[in-house]
Amino acid sequence: MISKTTLKIFVLLLFVSSIAFAQKSEKKMIYIMDPMCAWCYGNIKTINKIQQEVDGTFPIEVYCGGMWTGKDVPHGGPEFYNLLRKHTPSIVIKTKERFSSDYYKSLTDTTYRFSSFEPSKALWIVKKIASKEFWKFKENVQRGIFEKAMRSDHLDGYLEIVDSMGIDHNAFIEMWSSKEVDQQVQTEFEISSSYSNSYPTLLLVEGDKRTVLGKGYFYADKILKAL
């Protein structure tokens, strides 16, 4: 005859096992991007449509890749302008997104550090303090950089977006000044690279299984059909 204590332990173990199995089998999507990546900017409408369609069914975790950080951060100037100006027409043709004349002009500014760290940090903070506004904030940051020539290396542009969206200004500032947050952003870069070093990349993750749904520019309808 099974004792009550043994039965309780058995039920507890069964409950824990069921949770572990659910976590292992849970499906989610991982979106790897970088705020300074022109192809990620071109992919805004696509990833937004996917997110809206799967909302409540498949969670999507977004990780910034840290494309241009540390010694790899380029400065504006003629060489940088020529490099990016050469590649953006193909992005425009493929994605139908527009790069403004002010953006092209900003590429020649030698004081401009085209750093991925600051916009990635802004996105990380909003994920923590206003998660429901994250997707719109991400789009506003990307469009700010590529359409309005917002400086990615200056705090002012992010604060303007924060205030326009009604996100907590003081909470944003407090976290922006935190060295711990800086470290968390670096950790996100490491997590991102464990999934992919190509931007943008969309993965379906189920336990230990990873399936690449899209890489580079991809089509929302095709991915939604596959899901």
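## Starting point: a residue in a helix

Helices here are DSSP runs of H or I with at least four residues, numbered from the N terminus. By that reading, Ser-120 belongs to helix H6. Please keep in mind that this is a predicted model.

Is Ser-120 buried or exposed? Buried means under 20% relative accessible area, and Ser-120 has a relative accessibility of 1%, so it counts as buried. Leaving out residues up to four places away in sequence, Ser-120 touches Pro-35, Cys-64, Val-185 and Phe-189. Val-185 and Phe-189 are themselves among the buried residues of helix H10, which brings us to that helix.

## Helix H10 and its two sides

Helix H10 covers residues 179–195. Its 17 residues should span 24 Å at 1.5 Å a residue, and the C-alpha atoms at its ends lie 25 Å apart, which agrees.

Which residues of H10 are buried? They are Val-181, Asp-182, Val-185, Glu-188, Phe-189 and Ser-192. These residues cover an arc of only 110° around the axis, so they sit on the same side of H10. On the other side of H10 you will find Lys-179, Glu-180 and Glu-190, which are exposed. The buried residues pack against strands S1 and S2 as well as helices H6 (117–129) and H9 (169–176).

## The sheet

Now for the strands. Four of them form an open sheet in the order S2-S1-S3-S4, with mixed pairing. Strands S2 (60–64) and S4 (209–215) are at the edges; each has a single partner strand, so one side of each lacks a neighbour in the sheet. From one strand to the next, the twist averages 25°.

Strand S3 (residues 201–206) and S4 run antiparallel and are joined by 6 bridges. Within this pair, Leu-204 stands opposite Thr-211 in S4. Helix H10 packs on the sheet, where it touches S1 (27–33), S2, S3 and S4, and the direction of H10 makes about 110° with that of S2.

## The nonpolar core

In soluble globular proteins, nonpolar side chains tend to be buried together. In this model, the largest nonpolar core holds 62 residues. Which of them touch the most other members? Ile-50, Phe-137 and Phe-172 do.

Setting aside neighbours within four places in sequence, Phe-172 is in contact with Ala-122, Ile-125, Val-126, Ile-129, Phe-137, Leu-155, Tyr-158, Leu-159 and Val-162.

Key: Residues are numbered from 1 along each chain as its sequence is written. This is a predicted model: local features need pLDDT of at least 70, side-chain atom pairs count only at pLDDT 80 or more; totals for chains, interfaces and linings use all residues. Side-chain values use heavy atoms; hydrogens and water are left out. Two strands pair if DSSP finds at least two bridges between them. Axes are lines fitted to C-alpha atoms, for helices over the stretch in contact, and angles run from 0 to 180 degrees between N-to-C directions. Contact means heavy atoms within 4.5 Å. A nonpolar core is a set of buried Ala, Val, Leu, Ile, Met, Phe, Trp, Tyr and Cys residues joined through side-chain atoms within 4.5 Å. Buried means under 20% relative accessible area, exposed over 50%, partly exposed in between (1.4 Å probe, protein chains only). The expected span of a helix is 1.5 Å times one less than its number of residues. The arc is that of the directions from the helix axis to the C-beta atoms.
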